[in-house]
Amino acid sequence: MRPVTSYVRRSPRMNDSQKAAWQRLGSQYVVGGLARDAMVSRFVEQPPLDLAKVFGRAAPLLVEVGAGSGENLTAEAVERPDWNLLGFEVYDKVLGSTMSRLDRAEAANARLIHGDAVTGLTYLIPPQAISELQSYFPDPWHKARHVKRRLINPAFVELAASRLKPGGLWRLSTDWDDYARHIGAVFGGTSLFDDVTAEQATTTSRPVTKFEARARSAGRGVTEFVFERAT
C-alpha cells in the first residue's frame, strides 16, 4: 500500500531561473547522498546526518518543515547568523527559488533537504538535535477522508518531540479555523509539549508569504501556536 503523506506528489515544470539555480547552487545548499525509497521523496533507514559536517560548524539548529519558496527560511538565516538552518521541501521547483533567495541574501548558514520531513526527521536528524522547529501553513486537508493526511497528528508530534531539545520551541500557524482546532486538540492530548505564553509566542519577525497574503486578502485570519518541549 502507498504510504499516507501530507503532500501530493507532483512534478511542476521548473522555469529557466529555477533550473539555473539548481545547476549553480544545488551543491552548495542541498544535502546530497541520501538514501530514498521507491517514492523518491521519502527517506529510508540510514545513519543520521553529521550536522557539524553538513554545516561546517556546531550551532543551534532550526528546522523548517515545508520551506516553500524560502521567504521565512531566508529571513531567519539572516536574522540568526549564529544558528544553523535546515529546510525540508518536497518540490524541486520551489527549492530552486529558495536557493536563489538564499544566495541573494548571502545566507551561508542554511541548507535544504529535498524530500519528506516525516521520514527525514525519522532517519536523518539525531534525537534532541533541534533547538527550534517551524511549520507554517501546512496543508489543511479539509475533507473528512483526508484528515489522516494532516501533518500535525499524534505520531508526528511524538516524533518531533524526540528530535527537539528539552525546552526547544515549535512554532506553527494556520489560516484555517478547523485546522487550528485540530492542532489545539492534538497538542491538548499530549504531555510532551507545554503551551507558551502570548508574550513569548510573538512571531512578528516572520515575513508574510504569498500564501499568507492570499489568505488575508480572502478574509481568513491567522492562528499562531508556539509550544515548548517539556523537560
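**Salt bridges and strand pairing in a predicted model**

Glu 76 and Arg 80 are both buried, where buried stands for a relative accessible area under 20%, exposed for over 50% and partly exposed for values in between (1.4 Å probe, protein chains only). The structure is a predicted model, in which local features need a pLDDT of at least 70 and side-chain atom pairs count only at pLDDT 80 or more, while totals for chains, interfaces and linings use all residues. Residues are numbered from 1 along each chain as its sequence is written, and side-chain values use heavy atoms, with hydrogens and water left out.

Glu 76 and Arg 80 form a salt bridge in which the closest N and O atoms are 3.0 Å apart. A salt bridge is defined as a side-chain nitrogen of Lys or Arg within 4 Å of a carboxyl oxygen of Asp or Glu. Glu 76 and Arg 80 also belong to a network of salt bridges that links them with Glu 132 and Arg 171. In the whole structure, 10 salt bridges are found.

Arg 206 takes part in two further pairs, with Glu 212 and with Glu 224. The closest N and O atoms are 2.7 Å apart for Arg 206 and Glu 212, and 2.3 Å apart for Glu 224 and Arg 206. Glu 224 lies in strand β7 and Arg 206 in the loop between β6 (193-195) and α8 (210-217), so this pair ties together parts that are 18 residues apart in sequence. Helices (H or I, at least four residues) and strands (E, at least two) are DSSP runs, numbered from the N terminus. Arg 206 counts as buried because its relative accessibility is 9%, and Glu 212 counts as buried at 2%. Glu 224, at 30%, counts as partly exposed.

Strand β5 (residues 164-174) is mostly covered, with eight of its 11 residues buried. Two strands are taken to pair if DSSP finds at least two bridges between them. β5 pairs with strand β4 (residues 130-136) in the parallel sense over six bridges, and Gln 134 stands opposite Arg 171 in β5. β5 is also joined by six bridges to strand β7 (residues 223-229), and these two strands run antiparallel. Here Leu 172 stands opposite Phe 225 in β7.

Asp 50 is found in the loop between α1 (16-29) and α2 (51-55). Its relative accessible area is 45%, so Asp 50 is partly exposed. The C-alpha atoms of Asp 50 and Leu 124 are separated by 8.9 Å, with the two residues 74 apart along the chain.
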